[in-house]
Amino acid sequence: MQKLRILTVGVGGQGILLFSQVLGRACLKADIPVVMSEVHGMAQRGGVVETNILIGGYKSPLISEGEADVLVGLEPAEVLRALPRGRKDTVIVSSTDPVIPQIVKDGLAKYPDLDPLFEKLKESFPKVYLFPGEKLAKEAGTAKALNMVALGALAGTGLVPLSKKAFLDAMKESIKEKFLEANFKAFEAGYQVTSS
Amino acid sequence: MHPLIKSKPKEKVLLLGNEAIVRGALEAGLRVGAAYPGTPSSEIGNNLFRIQYELPGLYFEFSTNEKVATEVAAAAAAAGLRSLTCMKHVGLNVAADALMTLAYIGVRGGMVIVVADDPSCHSSQNEQDSRYYARLSGLPLLEPATPQEAYEMTIYAFDLSEKLELPVILRTTTRVSHARGIVQVGELASYDQEVKGEFKKDPRRWVPIPAVARVRHQVLLEKMKDATLIADSSRLNYQYGKGKQGIITSSVAANYVYDIVEEFDLKDQVKVLVLGFTHPHPVNLLADFLRSVEDVLVVEELEPYLEEAARVVAQERGLSVNIMGKATGHLPRTFEFEPKIVKKAMADAFGISFPEGEKIDVSWVPELPPRPPTLCPGCPHRETYMVIKETLKELGELENSIFPTDIGCYTLGILPPIQMADYLICMGSSVGSPCGFSVATNHRIVSFIGDSTFFHAGLSPLANAVFNKHNFTLVIMDNETTAMTGHQPVPSQELRFKELADRPRIDIEAVVKALGVKNVVTINPYRKEEAKALVKPLLGKKELSVIIAKAPCILYRQRVAKK
């Protein structure tokens with residue numbers, strides 16, 4: 001079975017745990033072995049959050065430097081921070097909408113100018129998919145669905161050996177019914193970014 | 001229905017390691033659970049707490065601390081019921097007094113003590129290796145590596161506990177408790193009705209006066225002999241691969257070894273012994289393994305617990321095998337492992353050359369802003385800190401003040417712009433340490449503790465402060481919940497989930513006054529000027545005082561409102 005190491009990064013509060021839970025459940029439905037690890041507790045309070053998702057028969061719940069096949073970003077600066085975990089041919093799927101840390105708002109640190117960095121990113125890696133995640137999520141009905149835009153974008157790359165239906169079924173299991181339609185739309189918007 | 005009790009036998013589900021432990025316990029017929037929350041163990045208690053309202057035959061409580069929880073579970077097991085307590089690694093320090101003698105008196109119903117270590121201190125103040133508690137107390141120890149194993153070993157731990165009449169320690173780490181994986185579940189035990197145990201009096205067993213304790217210690221050592229034989233032949237300890245180069249490993253480190261052996265096809269070169277039942281050490285199994293190889297690398301996180309056991313076995317049996325690990329500098333004693341660390345150790349130990357991927361150039365990435373965890377927007381703790389800070393400044397006391405702190409969200413007061421956290425050891429040290437500072441220095445001392453931490457370990461040091469006439473101000477930040485670990489109940493809370501509506505409320509101000517503290521005020525930290533006026537006389541005095549800053553955690557308030 002094809003194996004895949006997916007590193008997903010973002011900021012506490014962006015719904016990264018739900019992202020990985022839906023992806024994990026989708027794998028389960030397709031009978032594809034999956035293991036992942038999350039960080040709970042203090043780190044969630046506005047800090048950097050990542051989940052390591054390993055598909056296809058791995059036992060390790062962590063991805064080391066140079067090991068990520070796919071890097072998914074819910075926040076662009078976090079993708080840049082996580083680049084050493086990737087390789088020359090790592091596929092990058094990321095939202096371009098920044099979440100400015102409090103420390104920057106307080107004037108104690110600088111948030112980088114992203115546009116030239118996006119250009120550099122595209123030069124450095126063969127497949128880079130960038131999309132305005134917050135904008136797409138809002139258009140779908142709720143800014144909170146950024147995580148599902150990113151999941152849709154990951155699904156659209158075709159790298160994860162799962163049908164679209166498997167993702168949608170897993171969403172049904174994981175998301176409250178009244179939020180489901182907006183989340184489906186968000187997923188679809190992300191899917192279009194990478195599949196077309 | 002709670003998802004953990006919904007799954008049918010043979011169904012495959014995606015579970016967190018901690019959820020797998022809960023499911024395993026409910027299949028094994030757990031009757032009484034008790035815990036004080038602590039990451040990375042918290043989800044075990046959180047789930048049992050919720051599930052008990054759906055299963056009449058299950059009792060669970062959040063106890064006021066880990067020692068109490070252990071005593072609750074121990075008594076239930078003495079009465080013949082299956083019981084469980086769970087805690088983070090440092091929680092076992094609190095429960096250690098109970099643990100050490102509980103090993104002497106033992107149990108009748110199966111009792112499982114789950115302890116979750118936190119290598120790398122993701123959410124802890126130290127990274128102690130709790131496996132030494134098994135050796136110190138003489139209790140059996142199981143170390144699962146995956147959620148599936150956590151599930152299976154939990155079920156087995158209850159049987160083992162009953163067989164040996166001893167509690168069994170199930171030790172996880174953050175990457176086991178908070179790993180998510182596929183678990184194939186079995187059948188739930190029957191929970192249709194409440195089940196009571198029966199305590200059979202036997203003071204010669206249950207009351208360890210010196211004459212009894214001397215006998216029971218010998219009994220314990222005899223049981224350890226039996227347990228060693230069980231460990232030697234346990235299927236939780238298994239081998240794969242072949243060759244003269246050996247690896248001994250346990251817990252999550254076993255996963256890294258497995259993936260490296262698979263990925264680089266080392267099965268014909270490296271022989272691996274995975275240990276899941278690690279105390280008592282399976283000494284005969286270890287001896288056989290050490291005899292079968294020339295070099296052995298011990299791959300385990302934190303302390304050289306198995307490595308030292310292997311060295312002892314080698315010395316006792318006169319084996320000349322070359323044992324590598326922490327003592328030889330192949331692996332670190334600090335922080336959690338990741339595949340890269342294990343790969344490098346295997347390369348160094350066995351001369352294996354792993355293909356190096358081409359390094360990528362990321363020198364163009366500029367310095368990125370850090371994202372330290374912060375207090376939530378609107379958090380009442382921030383307001384309390386500002387009330388105290390501004391008042392001390394107005395009194396001209398800020399420069400001379402030191403701020404002992406405690407374990408909870410408010411420890412984040414260490415960060416700018418608040419910077420009011422100067423000293424911390426453990427739960428409750430914000431009340432004990434000021435007693436020492438007030439004797440040893442001329443500083444003004446203002447210390448901070450949360451409501452849950454106050455009930456956990458703040459009451460007895462406050463009695464000490466009153467009786468020994470220590471001079472400091474204790475600020476109890478009462479946000480009506482145990483916020484950091486996911487909003488578990490606190491005896492003083494007014495705002496509570498409806499399930500707890502019938503529980504009595506213990507008023508913090510009344511408790512503090514009853515302990516003999518004369519200077520006590522309660523403030524609303526959001527009403528800054530009013531609060532400052534109330535605390536000013538206390539912060540100006542040279543006498544023990546307590547300020548209770550009462551305002552619910554904003555996240556908790558939202559959660560209660562939603563339910």
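Analyst: The domain bounds used here come from an automatic or database domain assignment. Please also keep in mind that this is a predicted model. On that basis, chain B is divided into domain 1, covering 3-192 and 208-232, domain 2, covering 238-350, and domain 3, covering 380-562.

User: How many residues of domain 1 of chain B are in contact with domain 3 of chain B?
Analyst: There are 14 residues of domain 1 of chain B in contact with 13 residues of domain 3 of chain B. On the domain 1 side, helix H3 (42-51) and helix H5 (89-105) of chain B each supply at least two residues, and the largest share, 3 residues, comes from H3(B). By class, that side of domain 1 has 6 nonpolar, 8 polar and no charged residues. The centres of domain 1 and domain 3 of chain B, taken over C-alpha atoms, are separated by 32 Å.

User: And what does the secondary structure of chain B come to?
Analyst: Chain B has 21 helices and 19 strands. Its radius of gyration is 26 Å, close to the 24 Å that the globule rule gives for 563 residues, so chain B is as compact as a globular protein of that length. The C-alpha trace of chain B spans about 75 × 70 × 50 Å along its principal axes, and 52% of its 563 residues count as buried. Among contacts in chain B between residues at least 6 apart in sequence, 79% join residues at least 24 apart.

User: I see an open sheet in chain B; what is the order of its strands?
Analyst: The order is E9-E11-E10-E13-E14 in chain B, which makes 5 strands with mixed pairing. Strand E9 (238-241) and strand E14 (322-324) of chain B stand at the edges with a single partner strand each, so one side of each is left without a neighbour in the sheet. Neighbouring strands of this sheet are turned by 20° against each other on average, ignoring direction.

User: In which sense do E10 and E11 of chain B pair, parallel or antiparallel?
Analyst: Strand E10 (residues 245-250) and strand E11 (residues 270-275) of chain B pair in the parallel sense over 6 bridges, and Thr249(B) stands opposite Val274(B) in E11(B). As for helices, H11 (residues 253-263) of chain B lies across E9, E10, E11 and strand E13 (295-299) of chain B, running at about 140° to E10(B). Helix H14 (residues 339-350) of chain B packs on the sheet too, where it touches E10, E11, E13 and E14 of chain B, and its direction makes about 165° with that of E13(B).

User: Changing topic, how many residues of chain A are in contact with chain B?
Analyst: In chain A, 45 residues are in contact with 37 residues of chain B. Several elements of chain A each supply at least two residues to that side, including helix H1 (16-29), helix H2 (76-82) and strand E5 (86-95), while E2(A) gives the most, with 4 residues. The chain A side divides into 23 nonpolar, 11 polar and 11 charged residues.

User: What does E2(A) pair with?
Analyst: E2(A) pairs with strand E8 (residues 179-184) of chain B in the antiparallel sense, over 3 bridges. Within E8(B), Arg180(B) is the bridge partner of Met36(A).

User: Last one: is Glu494(B) buried or exposed?
Analyst: Glu494(B) is exposed, because 10 other C-beta atoms lie within 10 Å and a residue counts as exposed at 12 or fewer. Glu494(B) sits in the loop between strand E17 (473-478) and helix H19 (508-514) of chain B. Leaving aside neighbours within four places in sequence, Glu494(B) is in contact with Glu480(B) and Arg505(B).

Key: Residues are numbered from 1 along each chain as its sequence is written. Chains are lettered from A and ligands numbered from 1 in the order in which they are written. This is a predicted model: local features need pLDDT of at least 70, side-chain atom pairs count only at pLDDT 80 or more; totals for chains, interfaces and linings use all residues. Two residues are in contact if their C-beta atoms, placed from the backbone, lie within 7 Å. Ala, Val, Leu, Ile, Met, Phe, Trp, Tyr, Cys and Pro count as nonpolar, Asp, Glu, Lys and Arg as charged, and the others, Gly among them, as polar. Two strands pair if DSSP finds at least two bridges between them. A residue is buried if 20 or more other C-beta atoms lie within 10 Å of its own, exposed if 12 or fewer, and partly exposed in between; C-beta atoms are placed from the backbone. The radius of gyration is taken over C-alpha atoms; the globule rule is 2.2 Å times the number of residues to the power 0.38. Axes are lines fitted to C-alpha atoms, for helices over the stretch in contact, and angles run from 0 to 180 degrees between N-to-C directions.
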